[in-house]
Amino acid sequence: MIKARVTVTLKNGVLDPQGKAIEGALGALGFDGIGQVRQGKVFDLQIETADKAKAESDLKAMCEKLLANTVIENYTISLA
């Protein structure tokens, strides 16, 4: 079994209204000096295989087809 983490973030230049809202809320809560907040998604998965190359290939396909909107998002994959 292989454990994997997929992190999905907005590409640079893509507006992030949720990040802006979080930034404003942090300021309202008294956390000063916070800027350029960007939000993203993290997926933790377990894959029933011992073949790391196949796992990585499958994860890339999952990201391209479902987990990330590759027009506006980047993704990274880490295997454990």
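Met1 lies in the segment before strand S1, where helices (H or I, at least four residues) and strands (E, at least two) are DSSP runs numbered from the N terminus. The model described here is predicted: local features need pLDDT of at least 70, side-chain atom pairs count only at pLDDT 80 or more, and totals for chains, interfaces and linings use all residues. Residues are numbered from 1 along each chain as its sequence is written, and side-chain values use heavy atoms, with hydrogens and water left out.

Met1 is exposed because its relative accessible area is 55%; buried means under 20%, exposed over 50%, and partly exposed in between, for a 1.4 Å probe and protein chains only. When residues up to four places away in sequence are not counted, Met1 touches Gln46, Ile47, Glu48 and Thr49, contact being defined as heavy atoms within 4.5 Å.

The largest nonpolar core consists of 10 residues, namely Ile2, Ala4, Val6, Val8, Ile47, Ala55, Leu59, Cys63, Leu67 and Ala68. Strand S1 (2-10) and helix H2 (52-67) each contribute at least two residues to this core. A nonpolar core is a set of buried Ala, Val, Leu, Ile, Met, Phe, Trp, Tyr and Cys residues joined through side-chain atoms within 4.5 Å.

Leu79, located in strand S3 (residues 73-79), is partly exposed because its relative accessibility is 27%. Beyond residues up to four places away in sequence, Leu79 touches Ile2, Lys3, Ala4, Lys52, Glu56 and Leu59. A C-alpha separation of 34 Å is found between Leu79 and Ala25, which are 54 residues apart along the chain.

Helix H1 (residues 17-28) contains Glu23, and Leu26 is also placed in H1. With a relative accessibility of 27%, Leu26 counts as partly exposed. Its contacts, neighbours within four places in sequence excepted, are with Phe31, Ile34 and Val37. Leu26 and Thr70 are 44 residues apart along the chain, and their C-alpha atoms are separated by 29 Å.

Under the corresponding exclusion of residues up to four places away, Glu23 touches Ile34, Gly35, Gln36 and Val37. The side chain of Glu23 reaches the backbone nitrogen of Gln36 at 3.1 Å, a polar contact being a pair of N or O atoms within 3.5 Å; within protein, one atom must be able to donate a hydrogen and the other to accept it, and residues adjacent in sequence count only if both atoms are side-chain atoms. Gln36 is situated in the loop between H1 and strand S2 (40-47) and counts as exposed because its relative accessibility is 75%. Although not a glycine, Gln36 has a positive phi of about 50 degrees. Most residues other than glycine have a negative phi.

The largest pocket holds about 150 Å³ of space and is lined by Val14, Leu15, Asp16, Pro17, Lys20, Glu23, Gln36, Val37 and Arg38. On a 1 Å grid over the protein atoms alone, a pocket is an open set of points where a 1.4 Å probe fits, with protein on both sides within 12 Å along at least five of seven lines; lining residues have an atom within 4 Å of a point. Grid points are joined across faces, edges and corners, and the volume is the space filled by probe spheres set on them. The lining comprises four nonpolar, one polar and four charged residues, with Ala, Val, Leu, Ile, Met, Phe, Trp, Tyr, Cys and Pro counted as nonpolar, Asp, Glu, Lys and Arg as charged, and the others, Gly among them, as polar.

Leu15 occupies the loop between S1 and H1 and is exposed, given its relative accessibility of 77%. Residues up to four places away in sequence not being counted, Leu15 touches Leu10 and Arg38.
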